[in-house]
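Here's a quick tour of a protein fold, written for someone just starting out. Have a look at the model first, then read on.

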Amino acid sequence: MFEGLRFQHWQTASDADGIVVLTLDRAGSSVNALSRAVLDELSEIIERLAIEPPKGVIVRSGKANGFIVGADIKDFEGFGKNGTVQDALENGQRVFLRLGRLPCPTVAAIHGVCMGGGTELALACRYRIASRDPSTRIALPEVKLGIFPGWGGSARLPRLIGAPAALELMLTGRSASADNAKAIGLVDGLTSPELLVEAARELIRHPRRRPFAQRATAWATNTWPARQILAPILVKQTAAKARKEHYPAPFALIETWRRGGSSLVQRLKLEARAVARLAATPTAHNLIRVFFLQERLKGLAGGAEHGIKHVHVVGAGVMGGDIAAWCALRGFDVTLQDREMKYVQPALDRAKELFTKKLKTAERVAPALARLKADVEGNGIPEADLAIEAIYENAEAKETLYRATEPKMRADALLATNTSSIPLAELRTTVQQPARFLGLHYFNPVALMPLVEIVRHDQLDPAIEKRAVAFCKALDKLPVPVAGTPGFLVNRILMPYMLEAARAYSEGVPGPVIDRAAKKFGMPMGPIELIDTVGLDVAASVGAELGPFLGLDIPPGLDELVKGGKRGKKDGEGFYVWKDGKPHKPEVDPNYVAPDDLEDRLMLPLLNEAVACLHDRVVDDADLLDAGVIFGTGFAPFRGGPIKHVRDTGADALKARLEALATKHGARFAPRPGWGSAALRS
């Protein structure tokens, strides 16, 4: 049926049983993304299949690294600029609707990453088979782009696995493992990667119905009464995690599902209209921008190879121990050094918890544990390709360590510091080979925070920087190169924000009120809770290091809490009392009225310092600054980053608000250099 036809992105093959295998292998790309061209070819193939139906159709990937990563976001961005988003959505819906209506069994054979539009294509098939490989992850993460599934995902998934499970997947954007997908009914069977197509063929030869319990749950949770009862509950749960004015997509998804009836065509129309409206919002534009910023950070290494197999970490505290654990998790051999075994053992215990959480089974945990070795004597130093210093923030102690460690290292090994604030121009003076010395500044908690600052100095070899960037990519981290000035990028921008919060607290503004003001702006965590989380001792230490440089004083009360042993979350008490890893915030007098300029007092110092960092070329450009602050601090992603927010709000208006604060509260609010820059007005 395909004689004489040649496709650029799809390969077609028929077996002796009359089963057609469609293999997507997008030309010129390392991954399968659903561009308009890919969908147009699929539409033509489906048209042929409908005329002369085979015994069955299998859709698989020709890429070794995954099934389909989703829609082509560049295409989607272009549709938004041209005002053709709804047309593009309806086109994709039509293609998948015709796939679902083929008069023969259709099976999606899923191995590796299956995201967004790829999952929607799979949902349009009658069956889904997935490989048990750990790389297999299935998701509908569109909410992270400020929209929700628009090619039929929101219309089909609730009817397949039941509304509660479907909406949880779509509202969070989380990915399901193969086992989880099978348990909730998202896939019909599991097999090994090499038997995937044969298992799909077997399902076509011997079709089977889904279990009655799954079908009953799917029906019962999607009736009109169920939708009217469940929708308000879901809205309340969602509102506890996100503000509608910041992130409208989850709320629009719930409402679209609530209104959807029994007709698939009607549900698809509601879906396309709602997603098209969301695509026009500033939130969607900014979240798509954040997606491209993330892709830029992933690509900074170019084709560089890191050449690192063995990592030696000195300092087994929270940061050093967790850096070592993460390196071992990602496949590196790691030796972890500290003064005595009693300091190393807690790090090994935390590592085991991390490996168990991430790797699940004993067969996968054991090799990771074997890669991480205690090394009190420092015997791993001569074998290491990279040594990372992660001791406490004291320049003299670090320099002493470098003098003792570097002579034992191989001549081609890299030496890195995890310092969070000390200028590298100061630290490098003690190093014999400064060209191979740099900063690798991780953020706490290492397992959750995606950013690593690659900290430069004037004698760093650019090739070494590229190797460090490639190493971060291998760790599944996002690297951003920064100048080695005090505080680098993230801490320099955070410190005025955190110190102003501590000052407001010392003036009598309740901690929960301060935190609510920051969260109202869009920060993921309030600054008082943040100081408790990173540690009051760390905040005071970094503040003391950066204070003179930034012209800021440590607010009264912070040092007293530290001296009293109240360092925050790690000790169980700081500004708040912590129990089971969560802060217990005191009740605020309902009659208390917060200062009307509180939000500006917190957020404008952060923006002020971001502008100064751009002016001082701490990073190469504004986009890298926004990426670093978003991924290093969680800065309101829906705002697109601090510089994007300055541009959107108006640099002159924000500068005037800073000047008003400086008049009222003091010179610490005076506009920093850079507010007149053309980069803030582009």
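This is a predicted model: local features need pLDDT of at least 70, side-chain atom pairs count only at pLDDT 80 or more; totals for chains, interfaces and linings use all residues.

The protein has 28 helices and 22 strands. Its radius of gyration is 27 Å, close to the 26 Å that the globule rule gives for 682 residues, so the protein is as compact as a globular protein of that length.

**The whole protein**

- If you boxed up the C-alpha atoms along the principal axes, you'd need roughly 75 × 60 × 50 Å.
- Out of 682 residues, 55% count as buried.
- The protein exposes about 28,900 Å², and carbon and sulfur atoms supply 53% of that area.
- Take the contacts with a separation of 6 or more: 74% of them come from residues 24 or more positions apart.

**Zooming in on Phe488**

- You'll find Phe488 in the loop between strand E20 (478-482) and helix H20 (490-506).
- Is Phe488 buried or exposed? Phe488 has a relative accessible area of 0%, so it counts as buried, given that the cut-off for buried is under 20%.
- Leaving out residues up to four places away in sequence, the residues that Phe488 touches include Thr419, Ser420, Ser421, Ile422, Leu424 and His441. Also among them are Glu453, Val455, Val482, Ala483, Cys613 and Val618.
- Pick out Val455 from that group: Val455 and Phe488 are 33 residues apart in sequence, and their C-alpha atoms are 7.3 Å apart in space.

**Helix H26 and its partners**

- Two packed helices are described by the angle between their axes and the distance between the axes.
- Start with helix H13 (residues 282-298) and helix H26 (residues 622-633): their axes come within 10 Å and cross at roughly 100°. That makes H13 roughly perpendicular to H26, because angles of 65 to 115 degrees count that way.
- On the H13 side, the contact is made by Arg289, Val290, Leu293, Gln294, Arg296 and Leu297. H26 brings Asp623, Leu624, Asp626, Ala627, Ile630 and Phe631.
- Sort the residues of this H13 and H26 contact by class and you get seven nonpolar, one polar and four charged.
- H26 also meets helix H27 (residues 642-649), where the axes come within 7 Å and cross at roughly 115°.
- Here H26 uses Ala622, Leu625, Asp626 and Val629, while H27 uses Pro642, Ile643, Lys644 and Arg647.
- By class, the contact of H26 with H27 has five nonpolar and three charged residues, with no polar ones.

Definitions and conventions:
Residues are numbered from 1 along each chain as its sequence is written. Side-chain values use heavy atoms; hydrogens and water are left out. Axes are lines fitted to C-alpha atoms, for helices over the stretch in contact, and angles run from 0 to 180 degrees between N-to-C directions. Helices (H or I, at least four residues) and strands (E, at least two) are DSSP runs, numbered from the N terminus. Angles under 35 degrees count as roughly parallel, over 145 as roughly antiparallel, 65 to 115 as roughly perpendicular and the rest as oblique. Contact means heavy atoms within 4.5 Å. Ala, Val, Leu, Ile, Met, Phe, Trp, Tyr, Cys and Pro count as nonpolar, Asp, Glu, Lys and Arg as charged, and the others, Gly among them, as polar. The radius of gyration is taken over C-alpha atoms; the globule rule is 2.2 Å times the number of residues to the power 0.38. Buried means under 20% relative accessible area, exposed over 50%, partly exposed in between (1.4 Å probe, protein chains only). Accessible areas come from the Shrake-Rupley method with a 1.4 Å probe; for residues, only the protein chains shown count as cover.
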